[in-house]
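Here are my notes for your first look through this one. Keep the viewer open and click along as you read.

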Amino acid sequence: MKRFILGGALAAVLALPALAADYTIMAPAGPGGGWDQTARTMQDALQKEGISGSVQVQNVPGAGGTVGLAQFAASTAGKADQLIVGGYVMVGAILTNNSPVTLKDITPVARLTGEAVAIVVPAASPLQTIGDLVEALKADPGAVSWAGGSAGGVDHITVGLLAKAAGVDPTRINYVAFSGGGEALAAILGNQVTAGISGVGEFLPQVQAGTMRLLAVSSDARLPGVDAPTLAESGYDVVVQNWRMVAAAPGLSEADRAAVLADIEKMAQSATWKEALATKGWADTYLAGDAFAAQLDKEIAATEAVLRDIGLVK
Amino acid sequence: MGTFDLLLQGLAAALDPMLLLYALIGVTLGTAVGVLPGIGPALTVALLLPVTYGLDPAGSLIMFAGIYYGGMYGGSTTSILLNTPGESASVITALEGNRMARAGRGGPALATAAIGSFVAGLIATLGLAFLAPWVVKFALVFGPRDYFALMVLAFITVSSAFGDSTLRGLTSLFVGLALACVGIDQLTGQARLHFGVPQLLDGIEVTTLAVAMFAVGEALFVAGRGNGAPDEVIAVRGSVWMTRADWARSWRPWLRGSFIGFPIGALPAGGAEIGTFLSYAAEKRLARHPEEFGQGAIEGVAGPEAANNASAAGTLVPLLTLGLPSTATAAIMLAGFQQFGLQPGPLLFATNPQLVWSLIASLLVANAMLLVLNLPLVGLWVRLLTIPRPWLYAGILLFATLGTIGANPSPVELAMLLAFGVMGYGMRLYGYPIAPVVVGLILGPMAEQQLRRALSIAQGDVTTLVSSPVSAGLLAVAALALVVPMILRSRGRGRVLAQVASDAD
């Protein structure tokens, strides 16, 4: 409520000297999470770098971002000052929730950041390498329990892809979904499950403290400062990145789209943005415009295929 | 004495006048925002986090601790005075607290909540300082099956503790469990009972249900009875302060609440509300006047409020030692740490001891500050109740609506608030207790997920549920809690239990 009053007061004050490049960024999630932080970091960078006079962040939480997405697509057509933050989780959520609104209904602008997924086992586990884990999976898929984030999310998809790459039936994987990396972490540390899978950043402090063993990461190349092979170099053709993006309203004119692209480009190259990425430990995976749109189409197709394989999408 | 020295150093740092000022600002802001119904500590911390950005780490952490504890405390004020719990952990406080307030004992209810929060915060913060490494080892032993056993225990103690009639209590509980099924299933990602409404995909918000059932239902009920209502709201009767008898009845619940709340808060998947349920059930069992429960028993405020605050400190155990945020508030606190480039986790105590100890010390300072700020305010708060009733309830409706819309801006949320308000009115009219509905909504999904996780890990083997010592022990306690009253009843002992049974329809 306070947010409302503050927001209303701010809006009233800022409405007087209306600037051309004012943006409203929707974070389709509650305050504090990854998308919210992305939106607020963008807000900070856009304002500090003078790209936009005033930027507001609006939180519309719910259902993997699909509630916010639906609201955004329905209410912003043709408005060049509206942006929405999203990510890979949204791709899966749209498919599993059967969302009537998809990423085709908005205008993707650029991929901004990304994080690879890490596969770990408890320190006491007899499994030493990713090869050992895959052997166990091949022997009896049900006996290998995986703790990770929400069902149909990036962690679940990665396990499905790994099973497929190793020639194991993906419908037989025993994936135990937890509401977040934290709860999954407790199950792994407590030796309740065979393996754990979540964002690299979530596990790294534990790996450094020696309480869990990092078997592999899902990036396309080894990560600096992380002593673990990639899945690809271990012989499993799986590259997954949990990326975050920014998109614009549907039905933009060519000129408006170009202007938004230019603003985001300026922001992504700015010192403020790069500094923020470094402090937050986010990898810069900037990819914009048509190249990003093409990549997005490819990922949506691949995700749909694997969700079908796991049996989450009929 | 290494730990003790470090704590003293932290305290010395935290007692700097400038930092005390930050603590005061934090506590004031936290209480002010926390008082708004529908806005719990998680949202309070999230909204006010940017306020702390400009400060140095020590100042920021101290203000942060103040906001956190202030938000926790502010929620109980509205529960007691206006029957509008701002978060799930203060639902129980509303039960007895609001009864007390309406009987003119709002002052003692607020005071026992404030002092109980202080006592529990003190005990739990010291527990955090000295026991964290051991508590966390114990917490990690808990797997899905052990959590499930804990939920079973909570269900059994809770369902017998609410209302006069077991049948009506269970009916309400199952209404709550049915509501808990709405939304995306956590384990498979499939949507259930959403009727094509996207806002229902995330399930029903606990605070929306609680505010609707308690505040809106109550307002309708009062309006529906017209003017000749028998139980007039009495602003203040007797002293605003706690009497000697209040103290005598409060101190044991404070201690018991602290010892129940702290370990449950430390469990990575525990949640503060479970501690408050168990504490309420325990106080009702142990009270010398159990018949006062439901009519405004001070034990029913003192115990759960202490448990609530103790588990707030308990939450910091997995956060600081493992980097595990176990509640929404803790997740936002994690973001607060990260703004200084700190990653809470197993290495934090080793790499940044000063900062950790100043945080713990600032929790102690914030805790004391909260007491200093809030005790004098009790007299002011209870004056709220002298507002003429139509105005008071109109105000409650306004705040309930604004709080809900503010927390989740969507017309669907508002429609749910009103629909559940009408449901709450109907339940009141026909004598069904409303708290079990909220309890069912909170515990239902936890119990379901943990059961399914446990079975999934064991590949469908049901014996897994009793094959860990913790789960077997908890289930045994639950079985005792279920069977012993039955035996007592059949032998004609325990008048209270017999009374509960005879009231069953």
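1. Start with strand 5 (residues 145-148) of chain A, which runs parallel to strand 7 of chain A and is joined to it by 3 bridges. To find the spot, look for A:Gly148, which sits opposite A:Ile197 in strand 7 of chain A. Bear in mind that this is a predicted model.

2. Strand 7 of chain A has another partner: it pairs with strand 4 (residues 107-122) of chain A over 4 bridges, this time in the antiparallel sense. Here A:Val117 faces A:Gly199 of strand 7 of chain A.

3. Now step back to the loop that lies between helix 7 (181-189) and strand 7 of chain A, where you'll find A:Asn191. This residue isn't a glycine, yet its phi is positive, about 60°. A:Asn191 counts as partly exposed because 15 other C-beta atoms lie within 10 Å, and a residue needs 20 or more to be called buried.

4. B:Gln459 isn't a glycine either, and its phi is positive, near 55°. Look for B:Gln459 in the loop between helix 17 (435-457) and helix 18 (469-490) of chain B. It has 12 C-beta neighbours inside 10 Å, so B:Gln459 counts as exposed.

5. Back in chain A, how many of the 9 residues of helix 4 (residues 88-96) are buried? The count is 9 of the 9, so the helix is largely enclosed by the rest of the structure. Among them are A:Tyr88, A:Met90 and A:Leu95. What do they pack against? The buried residues of helix 4 meet helix 3 (66-75), strand 3 (82-87), helix 6 (154-165), strand 9 (241-248) and helix 11 (289-310) of chain A. Just after helix 4 of chain A comes A:Asn98, with a positive phi of about 60°.

6. Last, the largest nonpolar core. It has 257 residues, and B:Ile62 and B:Val438 touch the most other members. Helix 5 (residues 91-141) of chain B gives the most to this core, 24 residues. Domain 1 (18-113 + 243-310) and domain 2 (115-217) of chain A both give residues too, so the core lies between them.

Note on methods:
Residues are numbered from 1 along each chain as its sequence is written. Chains are lettered from A and ligands numbered from 1 in the order in which they are written. This is a predicted model: local features need pLDDT of at least 70, side-chain atom pairs count only at pLDDT 80 or more; totals for chains, interfaces and linings use all residues. A nonpolar core is a set of buried Ala, Val, Leu, Ile, Met, Phe, Trp, Tyr and Cys residues joined through C-beta atoms within 7 Å. Helices (H or I, at least four residues) and strands (E, at least two) are DSSP runs, numbered from the N terminus. Domain bounds come from an automatic or database domain assignment. Two strands pair if DSSP finds at least two bridges between them. Two residues are in contact if their C-beta atoms, placed from the backbone, lie within 7 Å.
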